[in-house]
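Hi,

Here is the structure I promised to pass on.

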Amino acid sequence: MESHSTETPEDCQDLCLITPHCFSINVAIHSNSENRRLCQLLSTNKEGKSEHFGPSNYFNHFTTVSGKLFICKDSFVLIPPRGTCHQHSTSSNFTCECAPGLEGQFCEIGGTGWVKLNVRGPVCIGAKGDAFGRVSPQFVGYVAAIKLVHVSGLLYNSRNSPGAKWGHARNNKLGILITDDQNQVKLPENFTGPQFYTMAGNTASSPELVFPNFTTPQIVSTDLELRLWYLEDHNDISEADNRGESCADVFMFYV
Ligand SMILES: [Ca+2]
Ligand SMILES: [Ca+2]
C-alpha cells in the first residue's frame, strides 16, 4: 500500500493508525545505516490473506486488533501505549500490564466510552499565576468528547465574588479553557474569547463540565499534553484579584 522509513516500530504503528484502510504493518528487523527501518503499511491483515504472510527474516509483522492494538505475530507481543507486555523468560507466554480502563490478554478490551485520564488524583485548576492543570491520554485512540467531573474547590474571579466550579458565579458563565502545551485554545471549539462563555447543558455550577461531541473525533496519543486553564489566568486579564482552585477528574470519550 505505502512504504515509509521510520526510526522505531512505534512510529510505523502511529503512521498506520492515522492512515485510512491501514490494518497491518511490516517493520524491518534491522535498521539501515541512518538508523531508520523500512515501514510498510498494508491494507490487509494476516487473518485476511494468510498466504501472503509467513515467517520472515527481514520483517516483523504487526496487525491491528479492534482497529487500535498492534500485535507482533511472529515474535513477541507488545504495544505500548495500550499496555506493556513482557515475555516470560522460561516460556513463550507473556503477561501484559494494561493502561487504566483496559483489560484482556492483549489489553484489547475496553477503551471505548468515558475513560479517566488522571490516575494519580484529581487535576487542579488555579485562578492566577499560570496555575493550569496538566493531563495526558493513557493510550492512543479516537476521542469525541472531554468532560471534567468536579471533586473539590471553587474559583473566585474577584475579591468579593462568590465562588464557582467552572467560571463566573454571578452570571453563571463558563471560564475553563483546554489548551495544548503551547497554550493554544482547543476547547471549547470556536472559542473566540476573551469573555466568559456559554455552552449548552453546562453552567458554572454544574457537577460536570462536558465539552460534547467534537465536530471531528480527534486522534490522541500519550505524548499529548492538555492544559486546563481558568480563563482570566490564561488571558492574563484581571487575574490579580482572583483566588481559589477547582479540582476535577478528567475523562475522554473514546470511540
Ligand atoms: Ca496568568
Ligand atoms: Ca479577576
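Before anything else, a term I use throughout: a residue is buried if 20 or more other C-beta atoms lie within 10 Å of its own, exposed if 12 or fewer, and partly exposed in between, with the C-beta atoms placed from the backbone. By that count Ser 221 is partly exposed, since 15 other C-beta atoms lie within 10 Å.

Some housekeeping. This is a predicted model, so local features need pLDDT of at least 70 and side-chain atom pairs count only at pLDDT 80 or more, while totals for chains, interfaces and linings use all residues. Residues are numbered from 1 along each chain as its sequence is written, and chains are lettered from A and ligands numbered from 1 in the order in which they are written.

On confidence: pLDDT is the predictor's confidence in each residue, from 0 to 100. The chain averages 82, and 80% of the residues score at least 70. Over residues 46–55 the pLDDT is below 50, and this stretch has eight contacts in the model beyond near neighbours in sequence. Residues 72–80 also have a pLDDT below 50, with 20 such contacts. A contact here means that the C-beta atoms of two residues, placed from the backbone, lie within 7 Å. Where pLDDT is low, the predicted coordinates should not be read in detail.

Now the overall picture. The chain has two helices and 20 strands; these are DSSP runs numbered from the N terminus, helices (H or I) of at least four residues and strands (E) of at least two. Of its 255 residues, 33% count as buried. Among contacts with a separation of 6 or more, 64% are between residues 24 or more positions apart.

In helix H1 (residues 9–17), the buried residues are Pro 9, Cys 12, Gln 13 and Cys 16. Seen down the axis of H1, they fall within an arc of 100 degrees, so they line one face of the helix; the arc is that of the directions from the helix axis to the C-beta atoms.

Next, the sheet. Four strands make an open sheet in the order E12-E19-E15-E16, with antiparallel pairing. Strand E12 (133–135) and E16 stand at the edges with a single partner strand each, so one side of each has no neighbour in the sheet. The twist averages 40 degrees from one strand to the next, where axes are lines fitted to C-alpha atoms (for helices over the stretch in contact) and angles run from 0 to 180 degrees between N-to-C directions. Strands count as paired if DSSP finds at least two bridges between them. E12 and strand E19 (residues 226–230) run antiparallel and are joined by three bridges, and Gly 133 has Leu 228 in E19 as its bridge partner.

E17 pairs with strand E13 (residues 141–152) in the antiparallel sense over four bridges, with Ile 146 opposite Phe 211 in E17.

What about the core? A nonpolar core is a set of buried Ala, Val, Leu, Ile, Met, Phe, Trp, Tyr and Cys residues joined through C-beta atoms within 7 Å. The largest has 30 residues, and Ile 176, Leu 228, Trp 229 and Tyr 230 have the most contacts inside it. E20 gives the most to this core, with six residues. Apart from it lies another core of eight residues, including Cys 96, Cys 98, Leu 102 and Val 140. Back to Tyr 230: not counting residues up to four places away in sequence, this residue touches Ile 125, Gly 126, Ala 127, Leu 155, Gly 175 and Ile 176.

Last, some backbone details in the loops. Most residues other than glycine have a negative phi, and most peptide bonds are trans. Asn 172 has a positive phi of about 65 degrees although it is not a glycine, and is partly exposed, with 16 C-beta neighbours inside 10 Å. Asn 183, in the loop between E15 and E16, likewise has a positive phi of about 65 degrees, and is exposed. Leu 187 and Pro 188 are joined by a cis peptide bond, with omega about 0 degrees.

Cheers
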